[in-house]
Amino acid sequence: VHNSTSQDWDDVKIYLNTHYRAVTPQIPAGSQFKAPLDVFVEAYGRRFNVNGAQIRALRLTATLPGGAPLTLDKQFQLSGLAGALGGKK
């Protein structure tokens, strides 16, 4: 994750496929946070299966200076015929 803004992001949570999560206290302005896929953990302690699972959703939540919330969602392109023909997921 690259924070290319001029504001620090605090209490950062990154959600993978809605139920796997990685956290970091802060991503300072202009810096990066790297999280390998195998560090994402779900509520029961199971790690993301990097060899068998597909990434379908990626969301970042954080708090900006002053307390404003930040939410970023990664947009994925559809594959196969759905992507080529403009179909729905």
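Reader: Aspartate 11: buried, exposed or partly exposed?
Author: This is a predicted model. In it, aspartate 11 is partly exposed, because its relative accessible area is 44%.

Reader: Which residue forms a salt bridge with aspartate 11?
Author: Lysine 13 does, and the closest N and O atoms of the two are 3.0 Å apart.

Reader: How many salt bridges does the structure hold?
Author: Three. One of them brings together the side chains of glutamate 42 and arginine 46, at 3.3 Å from N to O. Another joins aspartate 73 to arginine 59, with the closest N and O atoms 2.6 Å apart. That pair links distant parts of the chain, since aspartate 73 sits in strand β4 and arginine 59 in strand β3, 14 residues apart.

Reader: Why would such side chains pair at all?
Author: Side chains of opposite charge can pair when their charged atoms come close.

Reader: Back to aspartate 73 and arginine 59. Buried or exposed, or in between?
Author: In between. Aspartate 73 counts as partly exposed because its relative accessibility is 41%. Arginine 59 also counts as partly exposed, at 39%.

Reader: And glutamate 42, buried or exposed?
Author: Glutamate 42 is buried, because its relative accessible area is 10% and the cut-off for buried is under 20%.

Reader: Where does glutamate 42 lie, and what does it touch?
Author: Glutamate 42 lies in the loop between β2 and β3. Leaving aside residues up to four places away in sequence, glutamate 42 touches His19 and Tyr20.

Reader: New topic. In what order do the strands form the sheet?
Author: The order is β2-β1-β3-β4, four strands in an open sheet with antiparallel pairing. β2 and β4, the latter covering residues 69-73, stand at the edges; each has a single partner strand, so one side of each is left without a neighbour in the sheet. On average, neighbouring strands of this sheet are turned by 15 degrees against each other, direction ignored.

Reader: What do strands of a sheet pair through?
Author: Backbone hydrogen bonds, and the strands can be either parallel or antiparallel.

Reader: How many bridges join β1 to β3?
Author: Five bridges join β1, which is residues 9-16, to β3, and the two run antiparallel. Within this pairing, isoleucine 14 stands opposite leucine 60 in β3.

Reader: What about leucine 58, where is its place?
Author: Leucine 58 is in strand β3.

Reader: Which residues does leucine 58 touch?
Author: Not counting residues up to four places away in sequence, leucine 58 touches Ile14, Tyr15, Leu16, Leu72, Asp73, Lys74 and Phe76. Asp73 in that list is the residue that forms a salt bridge with arginine 59.

Reader: Last topic, the surface. Which residues make the nonpolar patch?
Author: Leu37, Val50, Ile55 and Phe76 make a nonpolar surface patch of about 290 Å². Phe76 is also among the residues that leucine 58 touches.

Reader: Where is isoleucine 55 found?
Author: Isoleucine 55 is found in the loop between β2, residues 20-27, and β3, residues 58-63. Glutamate 42 lies in that loop too.

Reader: And why does isoleucine 55 count as partly exposed?
Author: Because its relative accessibility is 32%, and partly exposed covers what falls between the buried limit of 20% and the exposed limit of 50%.

Note on methods:
Residues numbered from 1 in each chain as written. Predicted model: local features only at pLDDT ≥ 70, side-chain atom pairs only at ≥ 80, totals over all residues. Heavy atoms only, no water. Patch = residues over 30% accessible without salt bridge, like charges linked within 9 Å, V, L, I, M, F, W, Y side chains within 5 Å. Areas by Shrake-Rupley, 256 points an atom, 1.4 Å probe, with all protein chains shown as cover. Salt bridge = Lys/Arg side-chain N within 4 Å of Asp/Glu carboxyl O. Buried < 20%, exposed > 50% of the residue type's maximum accessible area, 1.4 Å probe, protein only. Contact = heavy atoms within 4.5 Å. Pairing = 2+ DSSP bridges. Axes fitted to C-alpha atoms, helices over the stretch in contact; angles between N-to-C directions.
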